[in-house]
Amino acid sequence: MTVVTRETKETQIRVELTRGQGVAKVDTSLKFFDHMLGTFAKYAGLDMNLHARGDLRHHIMEDVAIAVGTAVYQIIPPTAARYGERTIPMDDALVHAAIDTCGRFYYRGPLRNKLYDHWMRSFCEHAKVTLHVRVLRGRDSHHLTEAAFKAVGLALRDALVDSGTVFSTKGSVALEVK
């Protein structure tokens, strides 16, 4: 299990994360955000216990993205399948997500909700993943956001599978910082 704690003047975040059955206990004080994080964990197959408090919605969401991204980075197996992609329909919404757990940050959206788009970008930066999210169609912001979290979760689930081999023409990458 990976535990990430992030405390600032603005927020207090604690995340416990492990690969598992997708069981989540989430309390950020933001009901829809709790729902999205629980959905993400369920579809990604991650057991997550998350508690967050803060002064502003933006600060809570951003700092949770940093903490969850950091925790995800810690659980990526060295021989992960690396890639995953999924397209999710949800009523009027159709959203596609493709992810690479390569250790390099890149995010391309956008989601129509700026806070949730910012969450995806911050998550990717700290999980060190490349993620493309495409809204193919839809108007309802709730459905678009939820379809995105489901698509990203399922894509991540596929990418985290331990394949037993390194999926890179570079082989294993070693990076030492002194």
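Student: In the hairpin of S5 and S6, which residue takes a positive phi?

Tutor: Asp91, with phi near 50°; the hairpin has two residues between the strands. Helices (H or I, at least four residues) and strands (E, at least two) are DSSP runs, numbered from the N terminus. This is a predicted model: local features need pLDDT of at least 70, side-chain atom pairs count only at pLDDT 80 or more, and totals for chains, interfaces and linings use all residues. Residues are numbered from 1 along each chain as its sequence is written, and side-chain values use heavy atoms, with hydrogens and water left out.

Student: How many bridges join S5 to S6?

Tutor: Eight, between S5 (residues 83–90) and S6 (residues 93–100), which run antiparallel. Two strands pair if DSSP finds at least two bridges between them. Tyr83 is opposite Asp100 of S6.

Student: What order do the strands have in the open sheet?

Tutor: S1-S2-S4-S3, four strands with mixed pairing. S1 (2–7) and S3 (24–27) are at the edges with a single partner strand each, so one side of each has no neighbour in the sheet. The twist averages 5° from one strand to the next. Axes here are lines fitted to C-alpha atoms, for helices over the stretch in contact, and angles run from 0 to 180 degrees between N-to-C directions.

Student: And in which sense do S3 and S4 pair?

Tutor: Parallel, over four bridges, with S4 covering residues 46–54. Ala24 stands opposite Met48 in S4.

Student: Which helix packs on the sheet?

Tutor: H2 (residues 57–75), which touches S1, S2 (11–19) and S4, and whose direction makes about 30° with that of S2. Contact means heavy atoms within 4.5 Å.

Student: Switching to aromatics. How many aromatic pairs does the structure hold?

Tutor: Seven. Rings of Phe, Tyr and Trp (its six-membered ring) pair if their centres lie within 6.5 Å; planes under 30 degrees apart count as stacked, over 60 as edge-to-face and the rest as tilted. In the pair of Tyr116 and Phe149, the centres are 5.9 Å apart and the planes at 85°, so this one is edge-to-face.

Student: Where do Tyr116 and Phe149 lie?

Tutor: Tyr116 is in H3 (residues 114–127) and Phe149 in H4 (residues 141–159), so the pair ties together parts 33 residues apart in sequence.

Student: Is Phe149 buried or exposed?

Tutor: Buried, at 0% relative accessibility. The cut-offs are under 20% relative accessible area for buried, over 50% for exposed, and partly exposed in between (1.4 Å probe, protein chains only). Tyr116 is buried too, at 4%. Phe149 also pairs with Trp119: the centres are 5.1 Å apart and the planes at 40°, so that pair is tilted.

Student: Which residues form the aromatic cluster?

Tutor: Phe32, Phe33, Phe40, Tyr116, Trp119, Phe123 and Phe149 form one cluster.

Student: What does Thr145 touch?

Tutor: Phe32, Met36, Asn113 and Tyr116, leaving out residues up to four places away in sequence. Thr145 is in H4 and is buried, at 3% relative accessibility.

Student: Which residues touch the most other members of the largest nonpolar core?

Tutor: Val64, Trp119 and Phe123, out of 55 residues. H4 gives the largest share of this core, ten residues. Such a core is a set of buried Ala, Val, Leu, Ile, Met, Phe, Trp, Tyr and Cys residues joined through side-chain atoms within 4.5 Å.
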